[in-house]
Structures are given as structure tokens and as C-alpha cells.
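I open this notebook page to record what I looked up, one topic at a time.

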2 protein chains.
Amino acid sequence: MSPFSHTKTLFHLPRNVVYLDGNSLGPMPLAARQHVATMMRNEWGEQIIKGWNDAGWMSLSTQIGDRIAPLIGAEPGQVIMGDTLSIKVHQALAAALALNPGRKVILSDCGNFPSDLYIAQGLIKTLDREHTLKTVAPEDVSHYIDDQVAVLMLTEVDYRTGRKHDMKALTATAHAHGVITLWDLAHSVGALPVNLAGSNVDFAVGCTYKYLNGGPGAPAFIYVCPRYVNKIHPTLSGWLGHAAPFDFELDYRAARGIERLRVGTPPVIALKCLEPALDIWDLVTIEQVRKQSIALCELFIREVEARCPGLTLNSPRNAQERGSQVSFCFEEGYGVIQAMAERGVIGDFRAPDNMRFGFAPLYIDEHDVMTAATHLEEVISNRLWDQPKYKTRATVT
Amino acid sequence: MSPFSHTKTLFHLPRNVVYLDGNSLGPMPLAARQHVATMMRNEWGEQIIKGWNDAGWMSLSTQIGDRIAPLIGAEPGQVIMGDTLSIKVHQALAAALALNPGRKVILSDCGNFPSDLYIAQGLIKTLDREHTLKTVAPEDVSHYIDDQVAVLMLTEVDYRTGRKHDMKALTATAHAHGVITLWDLAHSVGALPVNLAGSNVDFAVGCTYKYLNGGPGAPAFIYVCPRYVNKIHPTLSGWLGHAAPFDFELDYRAARGIERLRVGTPPVIALKCLEPALDIWDLVTIEQVRKQSIALCELFIREVEARCPGLTLNSPRNAQERGSQVSFCFEEGYGVIQAMAERGVIGDFRAPDNMRFGFAPLYIDEHDVMTAATHLEEVISNRLWDQPKYKTRATVT
């Protein structure tokens, strides 16, 4: 029997809602609320400061990292939690550039999430303004990898289209030219198998509030390959990345291993929130999830294309080249997404005309896909998007 | 009637415990657990992605900042939450250095919290290695402020001794020499009145898990004075500091005002946790807190010096030169703190010989002070610290 009929029961899903936005923010695991409440009473409430030792708060960043490691092809001790994805991009990029000091080009693509590009731009200004960020079309990346490039910085799965890079091939090409790789796994972790070790990746970062269901603003993670981890000098050299933080020395000495990527005091309650989320991941394999994700995406594409001929698929048709989301272009996509939401089907919209639908097998099944396709057909064929109330765009979608 | 007999009832305080470590981690407001549980069910659970707009998550970082502003002499719109204190130090220091490009010296003191110094060291390595960090004795700081100094970076209240700098005078001296100031308020906010505007401070940062009782690893805050806030180029230029984050442009454009100090997706649950904590602060004035804090500290010093002649006061005797903690030196201080903890009095220890006791009037009263002094006397006079079990030091104290 499929494990997913069980995992679906482990989430708080609003009544009469088909939630296809887990690629933006995953729903709440039912156990999360009680887990956090219990932690707050028994640990913060009763132990207060002693919680750092007695409740293991100080090691939570590595404990949680060790649980994410198998989802991304890493070993225990190679992944650590903290801060936000943007901060982790900064840490990884700064470290990677310093490992390749003779080169001044950061290569990325225009399908990267903008914050990654912004962080690169900010770092360049801080560094020396001699570095440049070269942003090419996703399909052209491999042609621009050359001996001038210091770091190849890519998001594996495009946040708008779901288009998936070939991580292993691009990393190999990069290495053949002496380029260090930094992969953002925001739309990969929990969506498809990632094999950082097998792909020989140098640095990777990701977030936990999408497919991992860690809650709004849940902490990010960072991975550094063993050959580099003890060579890097953290630019964000906070006290918890110090070799002996509680010796309160005046000079920074980096901790051994991934611990040096810690910065400040860890966000304990947010880290605790990830425990019940990861408990659900213990019930399935990422290969099972991937297989089911492809089945759901294929079903949705087939149904939508049959029902809504005016929509254009904006994701790769080949499932192997796609993450766990499906996008369709439609000029009035914003109104469509709003009208769908009123009918209980939650997708989202990314300008200028991109409608995104994420399929997370842990809580989305074939029946949900059919419901979504039916509503989409009704909205499109009855022009339900064409209402004044859908013309004003909210700040956040 | 004193407001503090009421505020004390609003905290979860373990039975038979006198908690004198709120200068490290404040206790849990009783309302926090239900507040977070309700938010998790009604907002994350029921609204999921819509929570960003409908539940106001996206503006939480400024909303909470606006509630902290009056505690530190800032105006609404000048303080924003996010990340950790170390990250905020990095942001402020990088921005301050860039405002003073001809100068290469960061002046600090050896009483600064080490993480601030580590962050400065990491930033210098990243920048150009031409900058230097000059760390002098706290009492000598004013003598080292000269026209070579780019930034004066100090923590107002010393984390070990409670020694308090004269923020207004040092800032004035700094400005007279063209030096930009960065004040860390970790041990000030909620401990004593801070007047950033009145002191003409340029940058300030602080944390919320000490006297503000926001929970373990609660988010930090940053303040930038109006004359600089729109001139700085954030080095950590994450998407939420962009002028239009949901336009997903490829190039960074800084938001107006303090919003540009945002980096990544805000830690919503942790920010929510601060709301009930700040509700308690609405019941008192910081002036009331300061007056009572001084009374409690004076009482403790008087009682301990009368009962334990072998201990040496390691805090300024003049209350005006002290924060809201009292420290005593004792060679066997580590064992003393452990023995005290077994008897229900929680202080903490900072190497080599410093015993810290924090007095937070919101939940500590005169009776607690007398209880603590009594136990300290018993531990010292009966040499209760002299037991093998107290010889092994835990990693975190």
C-alpha cells in the first residue's frame, strides 16, 4: 500500500482546500503544535537557561541537519541549520570565492531565485567591486563555464517553471574548469532525490519551509563538502562557529567541520518545529516521493491540457527535467489564481503570467489533482477570472 | 502599588526557583505558549500561505520593531527585527565602515561580547584585510577615539561585570572626531533606559531573549539613525530588503528606510512569540524597571558583602555605572553557581572566576534577593562548592 494515504492524515489541511502551494510554504504537521507547546512548557518554561544543555538546544542545529542530510545525499556532520537561506547563500558564496581567489566571475542564471542574485551583488560591493555576476539564460549555463569563472551558483529547480538543472553534469563541467559549485536546493529538498556527494557538489544551501513543512520562516541549512569545510574562513564568524564559544576568547578560531558555519544563537523554537515535520519524512523514502510526484504532475498536465487548451505549459514536458511543480502561462493568470483560491484550490502566481501548482505527495493525492483540474477548467471556460476584485494585486501572493 | 507584583504573575517560573539569569535567557511569559499554539492553528494551519498577507506575517518584523523602539529611544519605523545579533552586528558594522571609507580602524573594547569582535574580524578578512580591529580596555576607550577611527563599536553594558559605558558622552566624543558609532544593546534593552535619539547614536543592535523574554534564540533587532538609513548599501542584500521583493527583479534595489536591513524570510513563529513578551512591557515604564532594578541590585550587594566577605564585587559600585546585573569574583565560582542551582537559585558563571546574577524586576522581587543571598551565604560558608560533581564543567553554562 502507498504510504501517502497515511502521511496525508498527519497534516493540518484546511477543510475543502486543495493546497498546491507547498512549494512556497508547506502545511503544518498536526504534531507540530503540541510538540512546540510541550517544548515551551517543559524546556523553556521549566528549564529556562538549563535547556541549552539539558534539553539539547545547543546541538539542535546539527541534530536537525543530520536528519536532512539523507534527503540530499550528505552524511551526518555535513549539514547544519541556521539563519535564512539568503544568509546561507552569502556564507557559501563568500567562502567559495575565497577558495578561488584568482578568479572574479560568479556565474548564475536568470532562473535563479532573485535573492541569491541580490546576495551576490551585495557581496561583490562589500568585497572589492572587482568581482562580477554574470547571469545567463538557464539553458546556456554550460556554455559559459570557463576558466574565468570562480563560482557557479545555481538553483537546481527554477522557482517559476520547475525546470531542473542537471546538477551532476554541470558540477562536472565546472570542476573540469576549476570552478567551485554552489547549489541552492530550495525547490529540491523534499521534492526529488538530491545526491550532493554523488554529484561531487562543493557547497549547497536550502530552506525548510517548503517541501519539508518546517513552518513560515523556518531555518535554512548549509552543506560544505569534506574537502573544503576545514579550509574556509567564515565571513559571518559568529560566536557559535568558534572552536570554543564558551571560553569567550577575544579572537575568532573557527570550529572544526560544519560547526564553523554556525553564526549566532540558534532559533530553538523554530528548530523544534522541524522535528515533527521530519518525523513524517522518516515514514517515506525520497524515491517514493519522487515517483508519486511525477505521477501527480503528469496527471495534472494531462488533465489541464485536455480541459484548458488556452493555457501553455511553462514547465518542461519531460518529468526528468522538472521538479515537483507544474506551471502554466496565462495572461490573466493572476485572476485565475485568485478565483481558484476562492474555490479552495491554492496555487500561486509569479509575474508576468506564470501560474504555479506544487504537488507534494505527502498530502496531495490523485483526487486533489482532479479537483484542481476541474476547478481550473471551470474558471477558465467561464472566465471567472474576469472580475474587478481580481484586478488589484496584493503585495504578497 | 508597584506594578511588579502583577507582572511577576505573568511568567512561568519553575516552582522553588529564584531565577537570576534573565540576563542570559528570560523566562517564558505564561501567555506565550497559548499565543503560539493559537497562531500555529489559526494562521499556519488554516491560512497556510495566505498568512503572509491575511495574518500580517510580512509586516511582523516592523510591527515588533515598533514596539521595541520606545524602550530604546527610537521612533516607529527605525527598528526592524530579524536574524541573530551577530548578523545584525555584521550588517551595521559593514554599513558603518562603508560610510567612513577613508578610515581603517574599528575601535572596540575587551569588555565587548566576543561575538561582536569575531564578526568584526570576519568582516575585515572579507573586506580587504586593510582594516584593523583595535580592542582596548573599557576604561580607556575615550582616549583612543581619534581621527583614524572609522567606527566605534561597543556593547553598552559588559556581559560579565555589568559595567555600563556612557553612551551619550562616548558618542559625542566619537562624532567630534568623525567616528561613526555602533552600540550593542544586548544587556541594555529592557534593563535600563536607552536613548538612542538623545544620544545621537548612529547604529544600534540588540537581542530579545534576555530582558525582553522572547525565548531561546529569539530574533535580533537593528536601528539605524535617520541621517544614514537611506545612504547605506546593505551587504546582506536579501530579497526582503528589496524595494519590491515580489517583483522578482534580477537586480537589487534597496527598500526605503529600515526595511532595507531585512534579509531573508522572517521567522514568523519566533516573532509571534515576542508579542506576549512585549505585552508585559506595556504594563510598566522602563524608568520604573530601572528604579526597581537598582534597588534589587543594591540590596543584593549589601546582603552578600555582609554575609560573604570572601567574595569580591566585580561590578561597579555606583549603580549609575551598572546595568541590571551584579557580579562577584570567586576562584571557586563555578562550583558555587552549581551548588546554588541545586538549591534553586539560578545564576551563571563566566570564566575565569565571575559569578553573574541578573535582576529583572518584572519577575524578581526583594524576597527573591534575600533568598539568593541566604543560599549564597550557606554555599560559601559551608564550602558546598567543594564537591567532585562540581569539578567537571559543562559546555554551556
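The entries below go from the relation of the chains to their contact and then to one helix.

I am working with a predicted model. I superposed the two copies and found that chain A can be laid on chain B with an RMSD of 0.0 Å, by a turn of 180° and a shift of 0.0 Å along the axis, which is the relation of a two-fold axis. I then looked for the residue of chain A that comes closest to the rotation axis, and this is A:L127, with its C-alpha at 2.5 Å. The same surface serves both copies, since 100% of the contact residues of chain A recur in chain B.

**Contact.** I noted that 79 residues from chain A and 79 residues from chain B take part in the contact. Among the elements of chain A that give two or more residues to this side are helix 2, helix 5, helix 10 and strand 14, while helix 6 gives the most, with ten residues. Sorted by class, the side of chain A that touches chain B holds 43 nonpolar, 24 polar and twelve charged residues.

**Helix 2 of chain A.** I followed this helix over its 18 residues and found that it reaches 25 Å from its first C-alpha to its last, close to the 26 Å expected at 1.5 Å a residue, although there is a kink of about 30° centred on A:M40. A:M40 is also one of the buried residues of helix 2, which include A:R33, A:E43 and A:W44. What covers these buried residues includes helix 3 and helix 10 of chain A, together with strand 1 and helix 2 of chain B. After the helix comes A:I48, and I noted that its phi is positive, near 45°.

Definitions and conventions
Residues are numbered from 1 along each chain as its sequence is written. Chains are lettered from A and ligands numbered from 1 in the order in which they are written. This is a predicted model: local features need pLDDT of at least 70, side-chain atom pairs count only at pLDDT 80 or more; totals for chains, interfaces and linings use all residues. Two residues are in contact if their C-beta atoms, placed from the backbone, lie within 7 Å. Helices (H or I, at least four residues) and strands (E, at least two) are DSSP runs, numbered from the N terminus. Ala, Val, Leu, Ile, Met, Phe, Trp, Tyr, Cys and Pro count as nonpolar, Asp, Glu, Lys and Arg as charged, and the others, Gly among them, as polar. The expected span of a helix is 1.5 Å times one less than its number of residues. The bend at a residue is the angle between axes fitted to the seven residues ending there and the seven starting there. A residue is buried if 20 or more other C-beta atoms lie within 10 Å of its own, exposed if 12 or fewer, and partly exposed in between; C-beta atoms are placed from the backbone. Copies are superposed by least squares on the C-alpha atoms of residues with pLDDT of at least 70 in both.
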